[in-house]
Amino acid sequence: MSEQALVRFDVEDGIGVITVDYPPVNALGPGVPEGIIAALEKGEAEPNVKAMVLMGAGRTFIAGADIRQFGKPRPVLPRRTYDVLDQGTKPIVAAIHGFALGGGLENALACNYRIAVSSAKVGLPEVNIGILPGGGGTQRLPRLIGPKAAMEMIVSGRHVPAPEAKTLGIIDEIVAGKDLRAEAIAYAKTIADRRPLPRVRDSSEKLAQAKGDPGMFEGMRKSIARRARNQIAPYHCIAAVEAACSQAFDDGIKTERRLFGELENSDQAKGMRYAFFAEREVARIPGIGKDIALPPMKNIAVVGAGTMGGGIAMSLADFGHNVKIVDATPEVLAKGMQRIQDNYAISVKRGSLKQEEMDRRVPRIHPVERLEDIADSDIVIEAVFEEMPVKKEVFAKLDRIVKPGALLMTNSSALDIDEIASVTKRPELVCGAHFFSPANVMKLLEVVAGAKSAPTTLATAMKMGRDIGKLAAYAGNCDGFVANRSRAPFGTEMVLMAEEGALPEQVDKVMVDFGYPMGPFAVGDLAGLDIGYASRRRRAAADPNFRKLPVPDRLVEMGRYGQKTLAGWYRYEKGDRTPHPDPEVKRIIAEVAKDMGIQQRSFTDEEILRRLLFASVNEACKILEEGKALRASDIDVMWLHGFGFPRYRGGLMFWADQIGVAEVHRQIEEWHQRYGARWKPANLLRELAQSGGSFRDAKKI
Ligand code: 3HC
């Protein structure tokens, strides 16, 4: 593509209009900065041009640098657009619609004026891909809105709506946006003769804020300590803003570039870039195009007002959907509605939700008492007790009652979708919609395909997920589907390691140090050990070879269900969620080990980490080779958004690739010899080790 096609320049009424036209999001890919500079030079040279407008064609302004180019060798341009923009002699107006993100906003900040339509959003989200704004954003934004507000925006990476951006001082004027080009030209005419040209780089009054509040930067570091644990980029962002306050503009820019350079090729940035693209790739199911016609998604109902059903209803209400919720008795329904109210009230109390917003969301959830009341639904999501006979009974009833053509989805976390669908006369309209707990918080939605699920059914479930802010990922029908199935060996291995002598507190510390928000034993206590116990019982009844886990079984049989009974893997004080190591647990573990003839020993942190994660990598390979997951990166997205795997490590399979297939295979083979069948390497793992392939490209082999 020629530079001309990427960036257009034309003159109307004395105003030069520079239009970036690089679909889909006008990223600053190869040729775009050059095109902008060429257009600016034309505008400078043409005597009849009094002022200029920078805008984007299509759905957005400029979404930032082209993320695909990071980590690759790039030509160094003699001049950067930012410098050319603010060194011109004619005023330039950035006219923003859609998004002005990263390098997009940085270019706008280098313009003399910024106008936006009210639906536009601006932000410096570089931190989310492990870097910092490297186009002057850390130096200009603090000058424009003060270091405190700038730091908050840069460190959070959040998208700021245009009206708020105007209040902050980023946007000069909000325009109606019916015809942004015409409005921008009209605005440019009003400022065309104003001199001197306002340049953000020249203003320093706002920086004085830092002098009055010298603890500001340290305070920010402390406030993000938990959230940004182990991460480099958020701290580099703070350091760059600090430099804006202590250095002259050009020196600050040099500091920003140095800090940017330290981040660009870091492992964390690589992991986060990979996650960015994996999170987009996951939306694609081969054979199902974007243009597929989907049935309506207006009337949605949830069957089951328990914790999951309530959470699913909240997820829908949070995104503006009206949803009916039904349960077997008025008492259970009332209790479920109360839980929903309470959950929202907690968010209001914590300050993460405004009371007015809660008052808008709660009435969107309509409790109804009979299945007949949801007969007109387009989509029904079943979230009743996880027992096959119960599910089948509900589906048979739904099939009779709910209008023909409606989609029936199950929130089962493991059961056979085909068996559930078999009791209906519409198996093509049945699929799994597996939410993760708490459903209104966790972003993962596993869309599980039954053998007869129609493409439109799957595409509708995926779209529904995206519409309510979830990352919807395809999974084939198998026990535990993809996410839980790949996580299961981790869960087994942690208990077996405990029997061998790795205590919960050591294992949890290793995983928290690795980057998980909580260790797996503490998570078990939070979720309730009785849940795993019940499911092990069910599985053991169905499969005589099912592996017993005597330690957690003993804990549950002693009434140690986790946090709710103040004892589980840890002990707890009333009203406090802090886990305390419990000598009683150590004693039980030692007793079980003795009974089973297991010699207890010490573990290195490295061994713990590898035992847990390699077990899952091996299972993930089996899932891939069976075609139950479409790609390794989908499994990564599931781990990031279903299980709290640290995003800066990319995901389970990306992390394993950093270690290398050969080493993962060698280790698994060694444990296969030592521990037996459960560590048998997956065929795919063997093949990859032989061929020298990588996990992330596994499907291409
Ligand atoms: N670079 C390369 N590709 C990008 C991109 C970027 N900055 N932003 C989006 N894309 C691609 C996506 O990968 C996707 O491609 P696909 O269709 O092949 O999957 C396509 O554009 C559409 O993106 P989305 O599916 O995400 O579209 P949405 O409408 O849902 O969201 C968006 C639009 C909010 C702009 C979102 O794409 C986004 O957040 N993009 C990234 C923004 C960002 O991080 N900018 C900073 C970049 S770093 C930078 O600027 C450094 C500078 O400081 C020097």
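This tour visits the ligand and its surroundings, and then a serine in a helix of the protein. The model shown is predicted.

**First stop: the ligand**

**Second stop: polar atoms facing the ligand**

Display the side chain of Arg 280, where an N or O atom lies 2.6 Å from an oxygen atom of the ligand. Proceed to Arg 284, which has a polar side-chain atom 2.6 Å from an oxygen atom of the ligand. At Gly 134, turn to the backbone: a polar atom there is 2.9 Å from an oxygen atom of the ligand. On its own, the ligand has 980 Å² of accessible area, and the protein covers 80% of it.

**Third stop: the elements of the shell**

Now select helix H20, residues 483-500, and locate Ser 486 within the helix. Is Ser 486 buried or exposed? Its relative accessible area is 0%, so Ser 486 is buried, the cut-off for that term being under 20%. To see its contacts, display Ser 616, Glu 619, Ile 623, Ile 635 and Trp 639; Ser 486 touches each of these, with residues up to four places away in sequence not counted.

Key:
Residues are numbered from 1 along each chain as its sequence is written. This is a predicted model: local features need pLDDT of at least 70, side-chain atom pairs count only at pLDDT 80 or more; totals for chains, interfaces and linings use all residues. Side-chain values use heavy atoms; hydrogens and water are left out. A polar contact is a pair of N or O atoms within 3.5 Å; within protein, one must be able to donate a hydrogen and the other to accept it, and residues adjacent in sequence count only if both atoms are side-chain atoms. Accessible areas come from the Shrake-Rupley method with a 1.4 Å probe; for residues, only the protein chains shown count as cover. Helices (H or I, at least four residues) and strands (E, at least two) are DSSP runs, numbered from the N terminus. Buried means under 20% relative accessible area, exposed over 50%, partly exposed in between (1.4 Å probe, protein chains only). Contact means heavy atoms within 4.5 Å.
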